[in-house]
Amino acid sequence: MSLHAEVPCYRDLSLSDPIEYEFTGGVVNQAIVLGDVDGDQLNELAIGNNLGTLFVFKETTNKAWKQSKDKLGLIVCIAIADMRRDMGKQLMTVITAEGFIYMFDLNDEDFVVSPLIVQPSLPNAKTMLFIDVDDDERPELVVGYSDRCVRLYKWEPGQPSEMTGRFVPVVRWELEGQVGTIAWQRLADQSIQLLASQAGGVIISLQWDESMQNGVVEGKVEHVLQTHLRNNEAIRPTTEILGLAAGCYAVATFNGQLQLIADGQELWSCHFEQQLFGLAQLDVKGAGRGFLLVASWTGDTFVVDPRPTCNKSHHVARFRFDESVAAFTAGMFGIGGQNVPCIIYVTFTERILLFPNVRLARMTNIGIQDLTREDLTLAEGLCKLQENSKTSRRQCVRELLYGFRTF
């Protein structure tokens, strides 16, 4: 039985001390990614713009750590994967709207980088991911296109001693509607299931096995959301999907619906009076499990506990961001020698703002008396406020509010 919460109440929170990176151009939401591109076990931020430039940012320096030399075209997708595990190198793959696949090795010292591999492909890509669907220890490339199809490519390596190769098309899935995003989940038998979202809350299962080589396959409807259409909505809302742990996946629609699905069944749903467009997962409590994050174009970002029994109002929090958002992601980013949880926004005014050390002490509101009973440091700090000068009181308040980045 599913649980419903139409317009949940939530705890409002503030983000502080962002890192702003220098950047120009427009961005689509699939052209921003976090990952370890140089093998130092710390994640970098990669982002591509509509002018054809790839930027990679590292640590807290506001200028790009690396930047592409040539104009690549309108960058629509970026992903990071280890294509040759015998060589132990993470490669960054960039796909442009014009239909070119670029692969970058970012392990050298140069600031300006050129692609290691350039492969002409098909135009109008809009979403991509890498996943090993056949357990051959080499990830396959799955790309969704605006012409209502999804294609799977296998990596065909070149010389054993060189980082060369090419993507070979294997299978094409034809869908009835426009592709939103694609995702994967691991089923109970440990096999991989590929999923694609379509407008109107339709989720398609992309079935594949070795017998389908070089074939065309129709996608199978996995789930259809009971979307809450408003009276003035003549067009079905765009839909995004994100695979989670334990065979679950989350679905968000542009008209504000968020659902958690397992085995084709809705576990819970809630509806926000916002236009949702981005999904991410992040451990905001340091508890070793991910919380679901969904962003809106207005900048509001909702944090939801994905556990099936925890979609009540007091298990939703909202971060307020004061600008309209063009792209959004969340994940771990390398700062000070460790990966820390971060939220990243790209605005329509060509700003990248990264909020580091995003932590939630709790999802619920709590009174000051209960809080001081739990936190003796806070209680002692509040006592000191009565003793200190105006300047030191101001510093004390700042440390109490933001010193540990707990909200």
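Over which residues does pLDDT stay under 50, with 12 contacts beyond four places in sequence? I looked this up first. The stretch is residues 228-234. Here pLDDT is the predictor's confidence in each residue, from 0 to 100, and contact means heavy atoms within 4.5 Å. I found another such stretch at residues 310-314, where the model has 11 contacts beyond four places in sequence. Where pLDDT is low, the predicted coordinates should not be read in detail.

I noted the ground rules. This is a predicted model, where local features need pLDDT of at least 70, side-chain atom pairs count only at pLDDT 80 or more, and totals for chains, interfaces and linings use all residues. Residues are numbered from 1 along each chain as its sequence is written, and side-chain values use heavy atoms, leaving out hydrogens and water.

Next I checked confidence overall. The mean pLDDT of the protein is 83. I saw that 78% of its residues reach 70 or more.

Then I listed the elements. The protein has 3 helices and 32 strands (DSSP runs numbered from the N terminus: helices are H or I, at least four residues; strands are E, at least two). Strand 1 (residues 3-5) has the lowest mean pLDDT among the elements, 49. Strand 5 (residues 44-48) has the highest, 97.

Last, I looked at E266. I found E266 in strand 25 (residues 265-271). E266 counts as buried because its relative accessibility is 16% (buried is under 20% relative accessible area, exposed over 50%, partly exposed in between, with a 1.4 Å probe and protein chains only). Of the 407 residues in the protein, 53% are buried.
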